[in-house]
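Visitor: Please take me through this one. I will ask as I go.

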Amino acid sequence: MFRYTLSRLGQSLILLLIVSFIGFAVLTLAPGGPLSQFALSPGMTQEQIDKIASQMGLDRPVWVQYFDWLRHLVVGDWGTSYRDGQSVLHVIGSHLFATLLLMGSATVMSVTLGSSIGICSALRRGSAFDYSMTVLAMVALSIPTFWFGLIAIYVFSLNLGWLPAGNMYTVGDGSVIDYLRHLILPASVLALVDVAIWSRYMRTSTLNVVNQDFVRTAKAKGLTRRRVLLKHVVGNSLVPMITLAGLQLPMVLGGALVTETVFTWPGMGRLFLDSLGYSDYPVVMGLLMASAMLVLIGNLIADLGVALIDPRIRLE
């Protein structure tokens, strides 16, 4: 297990290095660049722009800039924001909790509802419930997240007035109930697509387990339907879902970017779009690395979880 963990950790570090190089190269070679904000200033001459580029080290070759940035990244210096002069780590840290809260809530909702729907659909295969859940899942997968968000705001905020239309809390309140009221809509919208995905995968996994010999043996021994379901079917059906949880992280992060924009949620996704608009490349690179780390850590935990449950994985 120790060698397996080291192997997966080494692969994750290599992937992180590749992501950092590609991201840095794309941002550096993109039209405009970080100097575009200065070029728009009235009275700014080319000589002044060249001087600013020299002071910021942007006149050096790309590979020199990359290795200098990477060296500072390794020691914990992620750079300084062009926008407000604050540390990139401080800027990201001030938005990290909001994103983790939104992603965590959406994940709990999607796993709970999706797994329950998938198990029920598998046990009632071919029923009206199974067909209706399949249709609803296809609809949820076909419609963009931002459309669901706009409809949710229109119905539950503008028409019914039940829930706030955006932001993370009400200024001057900040109570737990207020946070929960602001969280319900964006978390539900973000979880909607994942519920559809989890239900489909869980249905397939449950159908595979139900037809296994050990389930038929358990039934032949006289175990109750409830005991067979809880002890033999559900537990074995969830094993492939651990891997799916790791693979879902990039989709959840991408969905969070859209959801945070629609609901003006002060998380990393909204910060990413704002930083792109301001050509604040140190923050953009910091967000790219933070997102890559979250995804790789999630996949690493999922791999180790599967390896602990199924020893055959460690022998591959």
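Visitor: What percentage of the 316 residues of the chain count as buried?

Guide: In this predicted model, 39% of the 316 residues count as buried (under 20% relative accessible area with a 1.4 Å probe, protein chains only; exposed is over 50%, partly exposed in between). Local features need pLDDT of at least 70 and side-chain atom pairs pLDDT 80 or more, while totals for chains, interfaces and linings use all residues. Residues are numbered from 1 along each chain as its sequence is written, and side-chain values use heavy atoms, without hydrogens and water.

Visitor: How many helices and strands in the secondary structure?

Guide: The chain has 12 helices and zero strands (DSSP runs numbered from the N terminus: H or I of at least four residues for helices, E of at least two for strands).

Visitor: And what share of the contacts comes from residues 24 or more positions apart?

Guide: Such residues account for 72% of the contacts in the chain with a separation of 6 or more, a contact being heavy atoms within 4.5 Å.

Visitor: Pockets next. What volume does the largest pocket have?

Guide: The largest pocket has about 510 Å³, the space filled by probe spheres set on points joined across faces, edges and corners. A pocket is an open set of points, on a 1 Å grid over the protein atoms alone, where a 1.4 Å probe fits, with protein on both sides within 12 Å along at least five of seven lines; lining residues have an atom within 4 Å of a point.

Visitor: Which residues lie nearest its centre?

Guide: Of the 19 residues that line the largest pocket, F24, L58, W69, Y82 and P282 lie nearest its centre. Two or more lining residues come from each of helix 1 (2-29), helix 4 (62-74) and helix 12 (281-309), and the largest share, four residues, is from helix 4.

Visitor: How does that lining divide into nonpolar, polar and charged?

Guide: The lining of the largest pocket has 11 nonpolar, five polar and three charged residues. Ala, Val, Leu, Ile, Met, Phe, Trp, Tyr, Cys and Pro count as nonpolar, Asp, Glu, Lys and Arg as charged, and the others, Gly among them, as polar.

Visitor: What about the second largest pocket, which residues line it near the centre?

Guide: H95, P266, R270, L271 and D274 lie nearest the centre of the second largest pocket, out of 21 lining residues. Helix 5 (88-123) and helix 11 (268-277) each give two or more residues to that lining; helix 11 gives the most, four. The second largest pocket holds about 300 Å³ of space, and its lining divides into eight nonpolar, eight polar and five charged residues.

Visitor: At what angle do helix 5 and helix 11 pack?

Guide: Helix 5 and helix 11 pack at about 140 degrees, with their axes 8 Å apart. Helix 5 is therefore oblique to helix 11. On the side of helix 5, V91, I92, H95, L96 and T99 meet M268, G269 and L271 in helix 11. The contact has five nonpolar, three polar and no charged residues.

Visitor: Is S121 buried or exposed?

Guide: S121, which sits in helix 5, is buried at a relative accessible area of 0%. Leaving out residues up to four places away in sequence, S121 touches F129, D130, M133, R200 and R203.

Visitor: Backbone now. What is the phi of N167?

Guide: N167 has a positive phi of about 70 degrees although it is not a glycine. N167 is in the loop between helix 7 (145-159) and helix 8 (176-210), and is partly exposed at 42% relative accessibility.

Visitor: And where is the place of T264?

Guide: T264 is in the loop between helix 10 (225-262) and helix 11. T264, not a glycine, has a positive phi of about 45 degrees and is partly exposed at 28% relative accessibility.

Note on methods
Axes fitted to C-alpha atoms, helices over the stretch in contact; angles between N-to-C directions. Parallel < 35°, antiparallel > 145°, perpendicular 65-115°, else oblique.
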